[in-house]
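Colleague: Hi! Could you walk me through this one? I'm still new to reading structures.

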Amino acid sequence: MQLNINGATHDVDVEPDTPLLWVIREELGLTGTKYGCGIAQCGACTVLIDGVATRSCVTPADSVAGLEIRTIETVEDTEIGRRVVEAWVENEVAQCGYCQSGQVLAATALLSDIPNPTDADIDGAMTNLCRCGTYNKIRAAVRSVSEA
């Protein structure tokens with residue numbers, strides 16, 4: 001099957017129900033997307049599919065053929081993604097950093113849909129888990145992008 005990942009078409013030879021996460025990491029070597037819980041709860045595996053934050057650990061590869069898939073490796077190719085990464089650095093969000101690629105993509109999707117989110121919008125969109133507890137810094141980073 002062919003998958004459009006980060007603006008390039010990739011021919012991948014995997015079973016149709018192979019989780020997209022394994023295609024991204026194991027077949028294509030894009031290791032910025034992380035494996036966390038494997039049951040779509042933590043969000044470490046978040047990618048953007050047609051701009052929507054999606055948990056790739058439970059997304060079958062064949063279900064996204066023909067759609068645009070973006071990983072953390074190209075998030076800065078968009079204006080909003082670049083601003084989110086800058087805000088993450090300025091607000092010193094990352095602690096251990098393991099969940100941050102998913103967090104950045106979730107914030108990018110949020111700010112693409114809602115440029116000036118309310119606290120409720122942020123809480124509703126930023127459902128990724130961070131074992132370091134950086135939620136206040138994540139909210140501050142999202143706010144700084146929306147207020148710029």
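Colleague: Let's start with Ser56: is Ser56 buried or exposed?

Modeller: Ser56 is buried, with a relative accessible area of 0%. Buried means under 20% relative accessible area, exposed means over 50%, and partly exposed is in between, using a 1.4 Å probe and protein chains only. Before we go on, this is a predicted model, where local features need pLDDT of at least 70 and side-chain atom pairs count only at pLDDT 80 or more, while totals for chains, interfaces and linings use all residues. Residues are numbered from 1 along each chain as its sequence is written, and side-chain values use heavy atoms, with hydrogens and water left out.

Colleague: Thanks! Where is Ser56 found?

Modeller: Ser56 is in the loop between β4 (52–55) and β5 (68–70). Names like these come from DSSP runs, numbered from the N terminus: helices are H or I with at least four residues, and strands are E with at least two.

Colleague: And which residues is Ser56 in contact with?

Modeller: Setting aside neighbours within four places in sequence, Ser56 is in contact with Pro19, Leu20, Leu21, Thr33, Cys45 and Val47. Contact means heavy atoms within 4.5 Å.

Colleague: New topic: how many salt bridges does a search of the whole structure find?

Modeller: The search finds six salt bridges. A salt bridge here is a side-chain nitrogen of Lys or Arg within 4 Å of a carboxyl oxygen of Asp or Glu. As background, side chains of opposite charge can pair when their charged atoms come close.

Colleague: Which residue does Arg82 meet in a salt bridge?

Modeller: Arg82 meets Glu79, at 2.6 Å from N to O. Both lie in helix α2 (residues 79–90), three residues apart, which is about one turn of the helix. Arg82 is partly exposed at 28% relative accessibility, and Glu79 is partly exposed too, with a relative accessible area of 44%.

Colleague: What about Asp119 and Arg143, how do their side chains meet?

Modeller: They meet in a salt bridge, at 2.7 Å from N to O. Asp119 lies in helix α4 and Arg143 in helix α5, so this pair ties together parts that are 24 residues apart in sequence. Arg143 is partly exposed, with a relative accessible area of 21%, and Asp119 is partly exposed, with 34%.

Colleague: And Asp119 with Arg139? What is the N to O distance there?

Modeller: The salt bridge between Asp119 and Arg139 is 3.8 Å, N to O. Asp119 is in helix α4 (residues 119–125) and Arg139 is in helix α5 (residues 135–147), so the pair ties together parts that are 20 residues apart in sequence. Arg139 is partly exposed, with a relative accessible area of 27%.

Colleague: Which residues are linked in a network of salt bridges?

Modeller: Asp119, Asp123, Arg139 and Arg143 are linked in that network.

Colleague: Nice. Now helices: at what angle do α2 and α5 pack?

Modeller: They pack at about 135°, with their axes 9 Å apart. Axes are lines fitted to C-alpha atoms, for helices over the stretch in contact, and angles run from 0 to 180 degrees between N-to-C directions. α2 and α5 are therefore oblique to each other. Angles under 35 degrees count as roughly parallel, over 145 as roughly antiparallel, 65 to 115 as roughly perpendicular, and the rest as oblique.

Colleague: Which residues of α2 and α5 meet?

Modeller: Arg83, Val84, Ala87 and Trp88 in α2 meet Ile138, Ala141, Val142, Ser144 and Val145 in α5.

Colleague: And how far apart are the axes of α2 and α3?

Modeller: The axes of α2 and helix α3 (residues 100–113) are 9 Å apart, and the angle is about 130°. The contact is made by Ile80, Gly81, Val84, Val85 and Trp88 of α2 and Gln100, Gln103, Val104, Ala107, Thr108, Leu111 and Ser112 of α3.

Colleague: Last one: where is Met126 found, and what does Met126 touch?

Modeller: Met126 is in the loop between α4 and α5, and counts as buried at 10% relative accessibility. Not counting residues up to four places away in sequence, Met126 touches Gln103, Ala106, Ala107 and Ile138.
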